[in-house]
Every structure is written in C-alpha cells, then in structure tokens.
Amino acid sequence: MHTAAPVDVPGVDCYNTRNWFQALSFFREPHMKQFFPTVKQIRYEGPESDNPLAFRHYNPDQTIMGKTMAEHLRFAVCYWHTFKGAGADMFGAPTIVRDYTSAKNPLRAAELTLRAAFEFFTKVGVKFWCFHDRDIAPEAATLAETNARLDKIVELAGKLQNDTGVGLLWGTTNAFSHPRFMAGAATNPSPAVFAYAASQVKKAMEITQRLNGQGYVFWGGREGYDTLLNTDMQRELQHLARFFHMAVAHKKSLGFTGALYIEPKPKEPTAHQYDCDAATTHAFLQQHGLQKEIKFNIEANHATLAGHAFHHELAYAIAHDLLGSVDANRGDLLLGWDTDQFPTNIYETTLAMYQIVKAGGFTTGGLNFDAHVRRQSIDVEDLFYAHIGAMDAFARGLKNAARLISDGVLDKCIARRYAGWDNEFGAAIERGAMSFDKLEAFTLEHGEPAVQSGRQELLENILNQYI
Ligand code: XUL
Ligand code: CO
C-alpha cells in the first residue's frame, strides 16, 4: 500500500520509485507550509502547451459573450471526494493515503485537511468549494459536542475563505452515512430520527450562512425505500414535504439569502429514491406548494442513472425555472452505477453549456465537481490532473456553446420546425381559442397535413462541426 505523498516530478514518469526518505521527512513535519509542494499554481498556457499541470482551454479572464470564463463556469471543488475519499470500494480497502488526514487527533486531522483543501482550491484556481457538515468535522459522542467541533472548524474555514478569496458555493448535511439513518432521515419510520436529521440540517444551514454560502443542497441519500413490504410510501412522502417546509421556515427565520436546491437521484443507496429525477421532484414540489422555494442541483451521473441525458435534466429544469446549480461529473455506462467520474466528454459539456448559457447562466449556482479520482489514482497530482481535465472540458464546452448560440444554427432549425405555430391557426390553438370541433372542421377542410424531415443527422453533423 502506498503510504506517502509522491515527491517525484509529476507528469514525467508515473511509475518511477518514490523518494521515501523525503516522503518520511514530510510526515515528520506536519506543520510544513505546503501540502502539495510538487504542484505550483495552475495557469492557462494555451492548446499547444505540453505541461500536464496547465490549462489548455480554461482561461479564467477570457471574455465570452460578455462574461469571463470564470464568471460563466463558477467551478467548485467538492470536499467529500477530493479530500475525504480514500479509494475504497465495495470489494476493497482504501488505496489512497494523504499525509493531512493522518493525525491521530481527529480535530487536528480535520484542521490539516481544511488547510490542504484551501491550498488545493487556490492552486487549481477555483472560486468555490462545497461540503457536507460531516466532511469538515468528525461526529462526536453527542450532537452538542459535534456542533461545537463544527463551530471550531467553521471559524478556521471562514478565515481561510477570507485569506484566499475562495467562497462557499453550497453547504449540505450528511444524513445518510451514520447507522441511525439506515432507514432514511426525513422519511425515517422513527420521528426521533426525523428530529435528529432536522437538528443536523438546522446547524448545517446556519454554518452555511455563516460562511456566506450561496446555496444549500438537499440530496435525499436514503429518502426512499429498499422494499415496499415494510414502507408506508404515502406517509413518508408527507413527512418529506413537512421536512422541507420546516427547512424553508428556518431559512426565512435565519434571513439566509442563499438558494435551496434538491439534488434528484433515482436510486443508490436505496432501491428507489423519492427525488427520482427533475420531473418527479417538480411534481412533488408543486403538490406541496414548494415550487417557489426550492430549485434543483442537477447531477450528470444521477441523470444517466435515471435513464436521461444530462442535458435533458438541465433542459427540464430550465423549462420550469428550476435550475439552480450543477454537480458536474459523469458515469460509466458499462458499469451503470454512480461512478462519479470527472467530466471529460466534450460532446456532453457542449450540450450542457448550451442549455445553461442559453438560459442566462448561473446566478447562485455553479459547476461543482462531485467526482472522485479512480481507486488506482493514488498520487496527489492525480487530483490536479482530474480537475484540470474537467475544467478544460467545460471551458471547451462553453466555447463551443457560445459559437452555437451566436451562430443560431440550432435555433433557426427549431424555429423553422415549429413555424406552423406562429401563423394564425397555430397561434389560435396555443391561446386556447380552438376546440376539438373546430380542429375537426379544419382537418376535414384541409385534408392530409404536410410533413417535414426532422433532419436529425444533418443537425448532428452541424453540431460536430462546433466540437
Ligand atoms: C451522491 C451525491 C451527493 C450530493 C451531496 O450521489 O451526489 O454527494 O451531491 O450530498
Ligand atoms: Co452530487
């Protein structure tokens, strides 16, 4: 097993022997200033650069359609995968060891991890981060002690935010890992667990506000069921709605001005999760009068698990004014589970940015890399390569989308396809001035309607010219 941060020159030879002597002295000096000494500030060097630790496409200050790339993309690093992930999977022990997590005292380890995280955010050049309460401070024996730990670490986080200029995109609660939540949090059969989850969300909303968070996410980790044989679905859905109403009320009582988002996902770890996809969650919000209070955090890998394209979920959310933020990652269709890989597919990033930019772009939200390096990617440099690749992939997506939008090619084809609705007859149907009787009379008079080609292959060819 690998036991130390690598000290060889990154990107030159992935397989050369580590300098163990240097690595051990690294352990002996836990107060050393840099946690990632082998990596300097990542900079834009242009498409011709052969430096693996540079951007080829993400040029934060470059203006595109009136905004800089940094303003469009609003990248965030997620704390849970990038700083707490250790490469474990269902079949194997952790493979990744980081010096900053190795302190025996859990609060000391939490502090070092936070300091390492802010060095990473700064070096990779993101403006935002995201966390779960339990990522940044470990749980103690009682809720009161856990909250005291959180307060301590949040104080340091506030200082590091001020020092670096990195802000909080959103905070959230981990109400799914602890055994008390095995049957859910807000949908738990026990009201005492419901109360525990509420107490946790209350605190997490408060620290998010303290850190000037621009949003707060609800991902329904175990808000679903494994079997209907033991589940009162109707009651659980009522409880979930009650929980969200209480969260909205708490947000208002705090005067927290950030946005609330639900992050839909169809399954995993439960067999069925209630916030299944954007459309199902939209229906739930409407049913319970919450549609003005909560928007969506759309995750690419959750979209594909739900049997949708990433850009479908974005388009659905945008069509109903529900897009808040994005968890930018990808799955592996060959595996079919939530692999949370870094986004690298330019076709997908182009279609996603096409939807987002056309809709006017992010306000409170951004692109959070809810992604982790693979189990074999054990070097700290791998964390940098992963983020650089993902940021470049979205930068290319943004540039492609901007050209597609300003050339208007797809818009023109769509406008032509629906042109019938702009004439007097179509417009009358749209404004509700027609009945089945009138439509039957029209059809009898005009006979067989003219049909037109959907031109899918042509449009796919045009799209490829922009990629
Ligand atoms: C799980 C997932 C979460 C949320 C935050 O699939 O995406 O990490 O993003 O709880
Ligand atoms: Co996510």
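Trainee: Okay, starting with α7 and α8: is their crossing left-handed or right-handed?
Mentor: Keep in mind that we're looking at a predicted model. The pair to find is helix α7, residues 191-210, and helix α8, residues 233-254. Their crossing is right-handed.

Trainee: Are α7 and α8 roughly parallel or roughly perpendicular to each other?
Mentor: Their axes sit 11 Å apart, and the two helices pack at an angle of about 30 degrees. Angles under 35 degrees count as roughly parallel. So α7 and α8 are roughly parallel.

Trainee: And how many charged residues are there in the contact of α7 with α8?
Mentor: On the α7 side, the contact includes Phe194, Lys202, Met205 and Glu206. From α8, the residues taking part include Phe243, Arg242, His250 and Lys251. By class, the contact has 9 nonpolar residues and 3 polar ones, while the number of charged residues is 4.

Trainee: Which residue does a cis peptide bond join to Glu268?
Mentor: Most peptide bonds are trans. Here omega is about 10 degrees, and the bond is cis. Glu268 is joined to Pro269.

Trainee: Now for ligand 1: which residue has a side-chain N or O atom 2.7 Å from one of its oxygen atoms?
Mentor: The residues around ligand 1 include Trp80, His132, Trp219, Glu263, Glu299 and His302. Lys265 has a polar side-chain atom 2.9 Å from an oxygen atom of the ligand, and Asp327 also has one at 2.9 Å. The residue with the 2.7 Å distance is Asp370.

Trainee: Moving on to α11 and α12, how many charged residues does their contact have?
Mentor: Helix α11 covers residues 310-319, and its axis comes within 9 Å of that of α12, crossing at roughly 10 degrees. The two helices are therefore roughly parallel. Phe310, His311, Leu314, Ala315 and Ile318 of α11 meet Leu351, Ala352, Gln355 and Ile356 of α12. That gives 7 nonpolar and 2 polar residues, and for charged ones the answer is no charged residues.

Trainee: Are α12 and α17 roughly parallel or roughly perpendicular to each other?
Mentor: Helix α12 spans residues 346-358 and helix α17 spans 456-465; their axes come within 11 Å and cross at roughly 100 degrees. Angles of 65 to 115 degrees count as roughly perpendicular. So α12 and α17 are roughly perpendicular.

Trainee: Which residues of α17 make the contact with α12?
Mentor: From α12, the contact uses Tyr347, Thr350 and Leu351. Counting both helices, there are 3 nonpolar, 2 polar and 1 charged residues. The α17 residues are Glu460, Leu463 and Asn464.

Technical notes
Residues are numbered from 1 along each chain as its sequence is written. Chains are lettered from A and ligands numbered from 1 in the order in which they are written. This is a predicted model: local features need pLDDT of at least 70, side-chain atom pairs count only at pLDDT 80 or more; totals for chains, interfaces and linings use all residues. Side-chain values use heavy atoms; hydrogens and water are left out. Axes are lines fitted to C-alpha atoms, for helices over the stretch in contact, and angles run from 0 to 180 degrees between N-to-C directions. Helices (H or I, at least four residues) and strands (E, at least two) are DSSP runs, numbered from the N terminus. Angles under 35 degrees count as roughly parallel, over 145 as roughly antiparallel, 65 to 115 as roughly perpendicular and the rest as oblique. A crossing is left-handed if the near helix is turned anticlockwise from the far one by less than a right angle, and right-handed if clockwise. Contact means heavy atoms within 4.5 Å. Ala, Val, Leu, Ile, Met, Phe, Trp, Tyr, Cys and Pro count as nonpolar, Asp, Glu, Lys and Arg as charged, and the others, Gly among them, as polar. A residue is near a molecule or strand if one of its heavy atoms lies within 4 Å of it. A polar contact is a pair of N or O atoms within 3.5 Å; within protein, one must be able to donate a hydrogen and the other to accept it, and residues adjacent in sequence count only if both atoms are side-chain atoms.
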